[in-house]
Structures are given as C-alpha cells and as structure tokens.
Amino acid sequence: MTLAGGLTVVSAAPAVADACAGANANAGANPRHASAATLCLLNKQRKAHGLRPFRVHGALRKAATGHSRDMARRNFFSHTAPGNVTFADRIKRARYRPRGGWSIGENIAWGSGHLATPASIVRAWMNSPGHRANILDRGFRTIGIGVARGVPYAASAAVDRTGALYTTDFGSK
C-alpha cells in the first residue's frame, strides 16, 4: 500500500504498535498523543537495532511542530518551506545548539484515514532507506516530533481530510 507522499506501507507489526499507546489511532484526532506514540515506536525500532533511545529536545520539537503546522496551514509538503526556508534554517531559528559538530536530519510524512496513524507512518519510514537511515543513525541522539491535523493537499477530493502531517527533526546533542 502506498502512503501519500510516496512512502510504502508493508504488513503491520501489531505487537510493537500495541505496546505504544495510541499507535493505531488516527493522529488527526489527537496530534499530541500521536507524537508520544511516534516517539515510542521509533525508540522500539532503535532498541531492536541495539541503539540507545532518542531523547526529546525542546528546540527540535519546536522546529518539527512548527513545520508540520506550517505544511498543513499553507498546503505544501516538503523539507523546504515556501520562501526557501530549509529544515536547517528552522532548526537554527528554534535555537537548537548541539555541542561539538553540527549533525541534523529530518523525516516528513503524511497520511489520511487509517494511514494517518503513528504505526503506519513509522512502518513507512522504516521501509524507506533514507528515512530508516535517519532513525537508525547512531549519531542522532535527540529528536523533536511534530504532528499536525490536516493534509497538505486539502483541495483534492480523493484525499480523506482527517489526516495528519508528521515531522521528525533529529540532532546529535
């Protein structure tokens, strides 16, 4: 099954998703709970690969949440916002200041209806080489997760508008 944005979903891993409260709920109904479920699922993936869990960083959360809300409000889907604002620009503006070297990454996704759940989004990311690489990068220790109600292509009659946009910003701090 293909998720909006070109990500592909394969069979579910219900045991993992069930262990994270809200993992199978449509994120459009409660974006804050979806953020917590997404973190839980991502940390389960990291644990399964012998990695330490992500720690939430306030500045990364601010950047990620702002980007998800901006994509929903201004009806776009990209790492670069209108005006050529990159994810690095957003993260710097949020005052993320890692110690030592500067290493950041970002995953974005959106889904509608039953594909808007944290479990569906994390599954899609884990089945996409670039997104998976960010999630399993040993250098990334901190994360910010932003989930916003809506879909980026609201004008499309073919899209269930009960969806959600996800942004995860990763850092080395």
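This is a predicted model: local features need pLDDT of at least 70, side-chain atom pairs count only at pLDDT 80 or more; totals for chains, interfaces and linings use all residues.
**Notebook: pockets, a disulfide and ring pairs**

I noted a volume of about 170 Å³ for the second largest pocket.

Next I turned to the largest pocket. Its space comes to about 260 Å³. I found 14 residues in the lining, and Arg 32, Ser 35, Arg 61, Thr 65 and Ile 145 lie nearest the centre. The elements with two or more residues in this lining are H2, helix H3 (58-74) and strand E3 (142-149). The class tally is 7 nonpolar, 3 polar and 4 charged.

Then disulfides. I searched the whole structure and got 1. Cys 20 and Cys 40 are the partners, with 2.0 Å from S to S. They are 20 residues apart and link distant parts of the chain: Cys 20 is in the loop between helix H1 (14-18) and helix H2 (31-48), while Cys 40 is in helix H2. Is the disulfide left-handed or right-handed? The torsion about the S-S bond is about -75°, so I put it down as left-handed. Cys 20 is buried at 3% relative accessible area, whereas Cys 40 is partly exposed at 25%.

Last, the aromatic rings. I counted 3 aromatic pairs. Phe 54 and Phe 170 make a tilted one, 5.4 Å centre to centre with 45° between the planes. Phe 54 sits in the loop between H2 and strand E1 (55-56) and Phe 170 in strand E4 (residues 164-171), 116 residues apart. Both are listed as buried: Phe 54 has 5% relative accessibility and Phe 170 has 0%.

Trp 125 and Tyr 166 form an edge-to-face pair, with 6.4 Å between centres and 90° between the planes. Trp 125 belongs to helix H5 (residues 118-126) and Tyr 166 to strand E4, 41 residues apart. I checked burial here too: Trp 125 is buried at 0%, and Tyr 166 is buried at 1%.

Two further notes on Phe 54. Ring pairs join Phe 54, Phe 140 and Phe 170 into a cluster. The charged end of Arg 46 sits over the ring of Phe 54, 4.1 Å from the ring centre.

How values were computed:
Residues are numbered from 1 along each chain as its sequence is written. Side-chain values use heavy atoms; hydrogens and water are left out. A disulfide is a pair of cysteine sulfur atoms within 2.5 Å. Helices (H or I, at least four residues) and strands (E, at least two) are DSSP runs, numbered from the N terminus. Buried means under 20% relative accessible area, exposed over 50%, partly exposed in between (1.4 Å probe, protein chains only). On a 1 Å grid over the protein atoms alone, a cavity is a set of points where a 1.4 Å probe fits but cannot get out, and a pocket is an open set with protein on both sides within 12 Å along at least five of seven lines; lining residues have an atom within 4 Å of a point. Grid points are joined across faces, edges and corners, and a volume is the space filled by probe spheres set on the points. Ala, Val, Leu, Ile, Met, Phe, Trp, Tyr, Cys and Pro count as nonpolar, Asp, Glu, Lys and Arg as charged, and the others, Gly among them, as polar. Rings of Phe, Tyr and Trp (its six-membered ring) pair if their centres lie within 6.5 Å; planes under 30 degrees apart count as stacked, over 60 as edge-to-face and the rest as tilted. A charge sits over a ring if NZ of Lys or CZ of Arg is within 6 Å of the ring centre and within 35 degrees of the ring normal.
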